[in-house]
Amino acid sequence: MRKKFIAGNWKMNMDRAGAVTLAEAIVKKAGDFPGVDVALCPPFVYLEAVQKVRLGSPVALGAQNVYHEAKGAFTGEISPGMLRDVGCKYVILGHSERRDIFHESSADVNKKLHAVLAAGLSPIVCVGEHLNEREGGQTMDIIREQFAGSFSGLTAEQMQKTTIAYEPVWAIGTGKVATPEQAEQVHADLRKLIEVRYNAEVASAVRIQYGGSVKASNAGELMAQPDIDGALVGGASLVADDFLGIIAGCR
Ligand code: PGA
């Protein structure tokens, strides 16, 4: 049985005081949901502040991005070892905002994925189609292409340690959530891709989160789908009660 996994992607929001207050509110209640893995992914500069709050709690720390090199002359970048050093367990890779705004390709994501796994961190790798691609009936072509490029060269063991986040770009921050049926279809097809490349055992072990306008009000029906194993949450992760409501929706 895959344990549900809810991660909050705070993106470029919060100040230090807000980050601490939000983390405290979530940590206080996180013990109520032992059946769900929870992670908070604040901006790099607030990782340590949130780490102090979550230490000793079941809430894990995650980062929103990383660079694939271990160290050196890469001004402005952060390495997987540095993230581990400040207490991170998870790293989000290939978010559509990284792919679209910062021109990250699946090949870039793949380099980061290998570096993150080599550093002993757990990656959350995002895939998802744009609206025109969905409307053009290309959703699975895009997903297949992103899967092939972003996940290339992983051993079965590495694949099982990797969480996939299916995030239709048209649903991110728009309030337009995919229907449970639309999401489940892609999740099931993604699991099939894993099965074809590895085997049924690996496919059934990989957690696939849904992301895109997840709220407390729609989490329950999404999480009830057989191939949806949690959520990567943006906007609703910035308000403690909203985020806790999504975690509660996993039951
Ligand atoms: P949203 O963002 O929940 O605000 O739609 C999701 C994401 O970008 O991961």
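Two notes on the source. This is a predicted model, so local features need pLDDT of at least 70, side-chain atom pairs count only at pLDDT 80 or more, and totals for chains, interfaces and linings use all residues. Residues are numbered from 1 along each chain as its sequence is written, and side-chain values use heavy atoms, with hydrogens and water left out.

Next, the polar atoms. Glutamate 167 places a polar side-chain atom 2.6 Å from an oxygen atom of the ligand. Glycine 173 uses a polar backbone atom, also 2.6 Å from a ligand oxygen. For serine 213, a polar backbone atom is 2.7 Å from an oxygen atom of the ligand. On its own, the ligand has 280 Å² of accessible area, and the protein covers 95% of that (Shrake-Rupley method, 1.4 Å probe).

Back to lysine 11. Its loop runs between strand 1 (4-9) and helix 1 (16-30). Those are DSSP runs, numbered from the N terminus: helices are H or I with at least four residues, strands E with at least two. Lysine 11 is not a glycine, yet its phi is positive, about 50 degrees.

Histidine 103 also has a positive phi, near 55 degrees. This histidine 103 lies in the loop between helix 4 (96-101) and helix 5 (106-118). Is histidine 103 buried or exposed? Histidine 103 counts as exposed because its relative accessibility is 64%, and exposed means over 50%.

Note on methods: A polar contact is a pair of N or O atoms within 3.5 Å; within protein, one must be able to donate a hydrogen and the other to accept it, and residues adjacent in sequence count only if both atoms are side-chain atoms. Buried means under 20% relative accessible area, exposed over 50%, partly exposed in between (1.4 Å probe, protein chains only).
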